[in-house]
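Biologist: Can you take me through this model? I would like to start with the ligands and then move to the helices.

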Amino acid sequence: MNRGLLLVLSGPSGVGKGTVCSELRRKQDDLIYSVSATTRAPRQGEVDGVNYFFRSREQFQDMIARDALLEYAEYVGNYYGTPRDFVERTLDSGKDIILEIEVQGALKVKEKFPEGVFIFLVPPSLEELKERITGRGTEAADVIDNRMSVAVEEMNLIRYYDYAVVNDEIDAACHRIQCIITAERCRKDRFLAGLAAKKETSEKA
Ligand SMILES: Nc1nc2c(ncn2[C@@H]2O[C@H](COP(=O)(O)OP(=O)(O)O)[C@@H](O)[C@H]2O)c(=O)[nH]1
Ligand SMILES: Nc1ncnc2c1ncn2[C@@H]1O[C@H](COP(=O)(O)OP(=O)(O)O)[C@@H](O)[C@H]1O
């Protein structure tokens with residue numbers, strides 16, 4: 001069985017990762033979506049096991065100690081991490097999986113899965129980014145300032161990614177990501193077909 005593709009969607013907080021990923025979820029049902037664990041409190045409407053696995057700091061530290069996380073990061077005072085088993089099992093079953101995570105965690109995933117496809121979502125401008133974070137209304141003013149200064153630093157990490165996708169409009173950004181997925185699937189198929197052809201030639205020789 002060929003392993004599935006590992007896709008990572010990252011970018012600064014407030015750029016629209018969650019929004020674009022939800023849209024992708026509606027449009028692309030042949031992708032598996034990884035659910036992260038976090039110590040942050042659930043926002044209104046968020047459901048444990050669907051949006052996140054909401055855990056205490058002790059529970060999260062226990063997951064770290066058991067090496068149950070593929071990566072984790074402390075972000076604006078809370079832990080966020082990707083449960084390892086689910087990702088490994090999905091890839092082993094040949095299915096493609098997408099992780100929607102912040103940039104530090106994405107780079108840690110890259111160390112472990114350099115063959116992954118790393119997509120950086122870019123805001124149309126920093127002004128628009130601040131408006132989106134403020135407009136969402138989930139953060140206090142000091143947290144917004146903190147997130148903005150983190151965001152400016154995070155933009156520098158774009159060079160480690162395979163693709164940059166501007167999130168000007170949700171539909172357009174989603175479409176660009178779908179094009180990347182199609183292209184990467186074709187590339188993988190061509191690569192595997194090439195390997196099979198080589199094997200056949202060497203077996204004949
Ligand atoms: N490293 C890492 N980051 C994550 C994970 N899950 C979510 N994040 C990121 O953590 C940041 C904060 O997430 P959240 O509190 O839900 O806020 P929001 O995404 O800005 O609405 C976002 O950039 C998420 O993409 C994870 O498993 N690992
Ligand atoms: N293309 C877009 N145009 C306008 N607003 C957007 C766009 N994408 C996301 N948003 C809004 O920006 C805010 C932050 O989006 P969110 O998905 O929570 O970001 P992230 O997950 O990257 O932190 C939300 O209020 C969302 O509705």
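Predicted model: local features only at pLDDT ≥ 70, side-chain atom pairs only at ≥ 80, totals over all residues.

Biologist: Which residues are closest to ligand 1?

Modeller: S36, Y80, I101, E102 and G105 are the closest, out of 16 residues that surround ligand 1. A residue counts as near a molecule if its C-beta atom, placed from the backbone, lies within 6 Å of it.

Biologist: And which elements give two or more residues to that shell?

Modeller: Those are α1 (17–27), β5 (69–75) and β6 (78–83). Helices (H or I, at least four residues) and strands (E, at least two) are DSSP runs, numbered from the N terminus.

Biologist: How do the residues of the shell around ligand 1 divide?

Modeller: Into 4 nonpolar, 7 polar and 5 charged. Ala, Val, Leu, Ile, Met, Phe, Trp, Tyr, Cys and Pro count as nonpolar, Asp, Glu, Lys and Arg as charged, and the others, Gly among them, as polar.

Biologist: What comes nearest to ligand 2?

Modeller: G16, K17, G18, T19 and R132, from 13 residues around ligand 2. In that shell, α1 and α5 each supply at least two residues. The division for ligand 2 is 2 nonpolar, 7 polar and 4 charged.

Biologist: Where does UniProt place the "binding site" feature?

Modeller: The unreviewed entry puts it at G11, P12, S13, G14, V15, G16, K17 and G18. UniProt positions are given in the numbering used here, feature names are shortened, and annotations may be inferred rather than shown by experiment.

Biologist: Take S13. Is it buried or exposed?

Modeller: S13 is buried, because 23 other C-beta atoms lie within 10 Å. The cut-offs are 20 or more other C-beta atoms within 10 Å for buried, 12 or fewer for exposed, and partly exposed in between, with C-beta atoms placed from the backbone. S13 is found in the loop between β1 (6–10) and α1.

Biologist: What is S13 in contact with, leaving aside neighbours within four places in sequence?

Modeller: With E102, I133, R147, V150 and A151. Contact means that the two C-beta atoms, placed from the backbone, lie within 7 Å.

Biologist: And V15, buried or exposed?

Modeller: V15 has 26 C-beta neighbours inside 10 Å, so V15 counts as buried. V15 also has its place in the loop between β1 and α1. Beyond four places in sequence, V15 is in contact with L121, V122, P123, L129 and N167.

Biologist: Now helices. At what angle do α5 and α6 cross?

Modeller: At roughly 145°, with the axes of α5 (residues 126–136) and α6 (residues 141–155) coming within 10 Å. Axes are lines fitted to C-alpha atoms, for helices over the stretch in contact, and angles run from 0 to 180 degrees between N-to-C directions. The contact is made by L126, L129, K130, I133 and T134 of α5 and I144, R147, M148, A151 and V152 of α6.

Biologist: What about α1 and α7?

Modeller: α1 and α7 (residues 170–204) pack at about 65°, with axes 9 Å apart.

Biologist: Last one, N78. How exposed is N78?

Modeller: N78 is partly exposed, because 13 other C-beta atoms lie within 10 Å. N78 lies in strand β6.

Key
Residues numbered from 1 in each chain as written. Chains lettered and ligands numbered in written order.
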